[in-house]
Amino acid sequence: MATSTNLEFKPPSGASSSFNIPPFPDNVRTAPLLTICLKKLVENDDGERERLFEASKSLGFMYLDMRGCEAGERLLRDADNMFWLMDFFFDLPMEEKAKCDLSSQGSYFGYKGKGREVMDDQGTKDYNEMYNISKDDILGLTTPLPAPDIITYHRPAVAAYISSNYAILDTLFTSLNTSLRLPPATLSSLHRKTEPSGCHTRFIRGHPSASPQTTDQRTLGEHTDFGSLSILFNRLGGLQVQLPDSDDWVYVRPVPGCAIVNLGDAMVRFTAEVLRSNLHRVVDPPGEQKGMMRQSLVFFCRPEHTAQLRRLKGGMVDEEGIGGEAGEEEVGVSSKEWLERRHMSKKIGVGFHKPGDFAKGAGTEGSRRAVKV
Ligand SMILES: O=C(O)CCC(=O)C(=O)O
Ligand SMILES: [Fe+2]
């Protein structure tokens, strides 16, 4: 932890530990993710910029190799701290976690218990506990939300992790900005750390699905991410992506030293579907990892609340008239509205009451232009 502690906490369960994890199996189908080297992007390597653009158009999922680069190594260290904090958090008694469950107030942030969201329109319940920590809360842009002492005490460590993510986001946005031939800093200026947004850190504890007899081994339903870029760290397998133009689901193998980066709906809307926000889901970990508690860590970067999700002006997409006449202004929806509509539809008793409600939260999953460009 970045801060020392005088508080007494029982040792964590170690569910996040990278030690003693059985290997990811070799006999399952895995996704052909490109590995992008952060160091090369930071050094403005043209070839690496092209590869980032390619990965963002074709699958919208990639590995980002953090090693050998100061900003990357810093994020790896800060992410390790978050995995420790996550262990402590999820090991708290349920009544402590329930105190920061803000779902009934319609808040996206705070704790969500296992089975409190649906994975589909039939109302199949999920198998995850989640804790969403608002960037605006940690950086003091809003009044602090109720949180357990362990989180309050370690706010500086969470803030450090957020800053490390922003350093990397800035590199990614700058590179994509160049590839899209957008006016300088267009993407970065829609994602300022100091402006209110739905950006957040997510802790996930995935419980094994119901019983070995069930054929449905999903623990988190299929979805596209709502925002712009997600930076994800996995220790155990279980994440799957659906391959473009196919019904096949394949695993994403966790790779030490690499984050899994994926694009969300906002990037699709900004680029008239040139960039891709791919469907993904989580199932029980494969092979010898099956039955283990699975923890993952995500930083979700979303556009500022007031940003309009529509084709951006200028740049290759607009000038080439992709998704409309060149210079034509599309009617947008604000990032805040998009987020609220999408997250509510899954919450049992809040936005999801009956079949049909789930579909109200649809994202850009129907979009397929990206693979054809
Ligand atoms: O846990 C994972 O590997 C992925 C989680 C995810 O897709 C999400 O929280 O949106
Ligand atoms: Fe996701």
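Author: Start with the whole. This is a predicted model. A compact globule of 373 residues would have a radius of gyration near 21 Å, and the protein has 20 Å, so the two agree. The C-alpha atoms fill a box of roughly 60 × 45 × 45 Å along the principal axes. Of the 373 residues, 44% count as buried. Take the contacts between residues at least 6 apart in sequence: 77% of them join residues at least 24 apart. The protein has 11 helices and 12 strands.

Now the ligand. Around ligand 1 stand Arg 202, Ile 204, Leu 220, Asp 225, Leu 232, Asn 234, Leu 239, His 280, Val 282, Ser 296 and Val 298. Which elements give two or more residues to this shell? They are strands β5 (200–206), β7 (229–234), β11 (280–283) and β12 (294–301). By kind, the shell divides into 6 nonpolar, 3 polar and 2 charged residues. Among the residues around ligand 1 are the leucines Leu 220, Leu 232 and Leu 239.

Helix α7 covers residues 155–179. At 1.5 Å a residue, its 25 residues should span 36 Å; the end C-alpha atoms are 36 Å apart, so the helix agrees with that expectation. After α7 comes Arg 181, with a positive phi near 55°.

Methods: Residues numbered from 1 in each chain as written. Chains lettered and ligands numbered in written order. Predicted model: local features only at pLDDT ≥ 70, side-chain atom pairs only at ≥ 80, totals over all residues. Near = placed C-beta within 6 Å. Helix = DSSP H or I, 4+ residues; strand = E, 2+ residues; numbered from the N terminus. Nonpolar A, V, L, I, M, F, W, Y, C, P; charged D, E, K, R; others polar. Expected span 1.5 Å × (residues − 1). Rg over C-alpha atoms; globule rule 2.2 N^0.38 Å. Buried ≥ 20, exposed ≤ 12 C-beta atoms within 10 Å, placed from the backbone. Contact = placed C-beta atoms within 7 Å.
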